[in-house]
Amino acid sequence: MMSDDTASRSPGKALERLDSAVIGQRASNQLSDEALQSFAAQYGTEMQIAPDRALPAYGGQGFRLGLVKSGILLATIELPNDRRQVLCLYCPGNLIFADAFARNEGAKFKAVGEVTILGLNDQSFCNAQAQAPGALAMLLSEATRHINDLMLHSAAIGRLRSEERLATFFLELALRIAQPARDAASFEFRMRRDDIADYLSMNRDTLSRSMSQFRRDGVISFVNPNFVIVQWKALSDRTPLAAAMLEWHRNT
């Protein structure tokens with residue numbers, strides 16, 4: 001028989017225990033998110049990026065620090081022999097620290113759908129530092145959140161099986177951009193399968209088979225080509241990172 005302690009550490013049990021807290025926490029996070037957007041709007045310049053448009057990640061992208069206002073932006077790097085890796089994805093409310101890709105000519109930002117960014121160039125960034133010193137703590141907090149997301153993603157592509165990676169991916173999106181409910185979450189979904197495969201370091205055929213299996217099992221369903229519904233518990237049962245992801249989002 002499973003002990004209470006063991007049960008509490010299983011992803012499914014963790015989800016049942018935490019999903020309400022995660023949903024409730026979303027509302028309390030709005031104040032900090034609004035403060036970050038207000039800061040970016042005051043010192044930044046709004047930029048529109050067309051669907052599938054790629055920008056160099058350093059030198060010519062027009063910003064040193066950027067806040068994603070809408071859409072999803074992918075950070076990618078080109079590899080030899082026509083290979084590519086999607087390093088990370090930026091959702092609305094996420095900060096982009098362009099210096100993290102400093103002078104890497106193979107790194108680019110690619111828009112998924114139409115993307116709007118509030119971008120700060122070198123001069124506006126210096127002005128912000130001088131005029132709003134309290135913003136530094138806010139930027140460090142967002143940087144910490146981004147690093148944590150990167151660490152979880154690194155664990156996913158480094159140690160998880162294909163279906164576990166896919167479940168982690170959908171849970172990540174659900175936590176970051178979905179309209180949540182008790183048992184399910186829904187969100188706009190425009191990422192191409194090539195982008196998903198390159199983000200999860202998966203073969204395209206393997207990804208297609210896993211996606212089809214998820215649909216047959218009722219883990220995900222598509223209302224139309226650009227809108228997906230995911231089931232909280234079904235996702236959590238398929239990734240060992242569920243408890244860590246939920247705990248992190250509950251506390252940030």
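Trainee: Which strand gives the most to the lining of the second largest pocket, and how many residues does that strand supply?

Mentor: Strand 6 gives the most, with three residues. Before we go on, note that this is a predicted model, in which local features need pLDDT of at least 70 and side-chain atom pairs count only at pLDDT 80 or more, whereas totals for chains, interfaces and linings use all residues. Residues are numbered from 1 along each chain as its sequence is written, and side-chain values use heavy atoms, with hydrogens and water left out.

Trainee: What makes a stretch a strand or a helix, and which elements supply at least two residues of the lining of that pocket?

Mentor: Both are DSSP runs numbered from the N terminus (H or I, at least four residues, for a helix; E, at least two, for a strand). Strand 3 (65-79), strand 6 (107-120), helix 5 and strand 8 each supply at least two residues of the lining. The pocket is lined by 13 residues, and nearest its centre lie Gly-71, Ile-72, Ile-177, Glu-188 and Arg-190.

Trainee: What makes one space a pocket and another a cavity?

Mentor: On a 1 Å grid over the protein atoms alone, a cavity is a set of points where a 1.4 Å probe fits but cannot get out, while a pocket is an open set with protein on both sides within 12 Å along at least five of seven lines; lining residues have an atom within 4 Å of a point. The second largest pocket holds about 220 Å³ of space, whereas the largest cavity has a volume of about 110 Å³ and the second largest cavity about 40 Å³. These are the two cavities of 30 Å³ or more in the structure.

Trainee: Which residues line the largest cavity, and how do you know which of them count as charged?

Mentor: Asp-149, Leu-152, His-153, Ala-156, Arg-165, Thr-168, Phe-169, Glu-172, Leu-200, Met-245 and His-249 line the largest cavity. Asp, Glu, Lys and Arg count as charged, Ala, Val, Leu, Ile, Met, Phe, Trp, Tyr, Cys and Pro as nonpolar, and the others, Gly among them, as polar.

Trainee: Which element has the largest share of the lining of the second largest cavity?

Mentor: Helix 4 does, with four residues. Among the lining residues are His-146, Asp-149, Leu-150 and His-153, along with Leu-87, Cys-88 and Leu-89. By class, this lining has five nonpolar, two polar and three charged residues.

Trainee: Why are helix 4 and helix 9 called roughly antiparallel?

Mentor: Their axes come within 11 Å and cross at roughly 175°, with angles taken from 0 to 180 degrees between N-to-C directions of lines fitted to C-alpha atoms, for helices over the stretch in contact. Angles under 35 degrees count as roughly parallel, over 145 as roughly antiparallel, 65 to 115 as roughly perpendicular and the rest as oblique. Helix 4 and helix 9 are therefore roughly antiparallel. In contact (heavy atoms within 4.5 Å), Thr-144, Arg-145, Asn-148, Asp-149 and Leu-152 in helix 4 meet Ala-244, Met-245, Trp-248 and His-249 in helix 9.

Trainee: What makes helix 6 and helix 7 a contrasting description?

Mentor: Helix 6 (residues 193-200) and helix 7 (residues 204-216) pack at about 105°, with their axes 10 Å apart. That value makes helix 6 roughly perpendicular to helix 7. The residues of their contact divide into four nonpolar, one polar and five charged.

How values were computed: Grid points are joined across faces, edges and corners, and a volume is the space filled by probe spheres set on the points.
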